Amino acid sequence: MTNQQRPLKQYEWVMNDLKERMLDGRLAPGDRLASVVDLAAQYNVGRSTIREALSALKAMGLLNIKQGGGTFVKAVPSEAAPAHPMQRYDDLWEGRAASLRHLLEVRRVLETGCAALAALHRTEEDLTVLEKLLEEMENSDDEHFIEQADVKFHQQIAAATRNPLLLELMESLSSRLHENMKDMRALWFYAERSSAERLLQEHIRICEAIAKQDAGEASARMDLHISKVEQVLNEKKAGDHHLRMT
């Protein structure tokens with residue numbers, strides 16, 4: 001029995017075509033891409049498909065999306081996989097990885113419990129806020145704005161627990177979350193070899209479990225979401241100096 005290739009999704013077709021243009025020189029480093037609206041018309045697809053393709057290419061380190069300034073070719077593709085963020089920081093990565101490891105350990109303990117309690121105590125107002133944040137994450141072209149919406153999504157889950165101490169704990173992590181969200185999202189892209197759309201779907205599934213008031217599923221979804229970033233850190237042995245000394 002021969003293996004059959006699955007048909008490409010629309011965003012993958014757009015992504016591959018843009019990569020081909022980079023490889024053959026039609027798009028060179030520094031070139032500015034057309035707007036999302038123009039690309040959607042050019043490829044005859046929806047804007048969300050274009051945004052997903054651009055997010056995937058950005059995760060591979062091939063595009064630079066400037067806040068309010070357009071999308072530019074950053075590099076010519078060599079491998080069809082998202083870049084590990086350590087490639088951006090070189091010698092500084094070990095320190096950043098150790099900080100991320102500590103933050104992820106706290107998030108795993110805190111947020112899996114928050115997700116379970118949120119499922120038990122959430123209100124319709126909480127769901128409305130969570131769904132609005134998901135819409136913002138889906139519809140925005142601004143990666144920085146999406147990162148902030150991502151942080152707010154997790155904070156709203158803490159608010160939905162109706163436990164002021166848990167909310168206070170999450171808010172105390174706010175500045176660290178905002179500071180490290182870019183690295184955490186990049187590590188997720190690397191772990192999944194995928195795009196922003198897949199990451200959005202994980203957030204949607206967490207929200208769905210909370211909406212169904214399924215505490216076990218909400219906690220498990222959150223644990224899976226956080227564990228993917230930890231897996232990449234473990235694979236790269238980054239931030240493990242404190243373990244080597246024991």
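Among contacts (heavy atoms within 4.5 Å) between residues at least 6 apart in the sequence of this predicted model, 70% join residues at least 24 apart. Residues are numbered from 1 along each chain as its sequence is written, and side-chain values rest on heavy atoms, with hydrogens and water left out. As the model is predicted, local features need pLDDT of at least 70 and side-chain atom pairs count only at pLDDT 80 or more, whereas totals for chains, interfaces and linings use all residues.

The chain holds twelve helices and two strands, taken as DSSP runs numbered from the N terminus (helices H or I, at least four residues; strands E, at least two). Read from the N terminus, the order is α-α-α-β-β-α-α-α-α-α-α-α-α-α.

Of the 246 residues, 48% are buried, that is, under 20% relative accessible area with a 1.4 Å probe, protein chains only. The accessible surface (Shrake-Rupley, 1.4 Å probe) comes to about 12900 Å², and carbon and sulfur atoms account for 50% of that area.

Turning to the interior, a nonpolar core is a set of buried Ala, Val, Leu, Ile, Met, Phe, Trp, Tyr and Cys residues joined through side-chain atoms within 4.5 Å. The largest one has 39 residues, and Phe153, Ile157, Leu177, Met184 and Ile210 touch the most other members. Elements giving two or more residues to this core include α5 (93-121), α7 (143-159) and α10 (196-211); α5 gives the most, with ten. Leaving aside residues up to four places away in sequence, Phe153 touches Leu130, Leu133, Leu134, His203, Ile206 and Cys207. A second, separate core comprises 21 residues, among them Leu18, Leu39, Val45 and Leu57.

Methods:
Buried means under 20% relative accessible area, exposed over 50%, partly exposed in between (1.4 Å probe, protein chains only).
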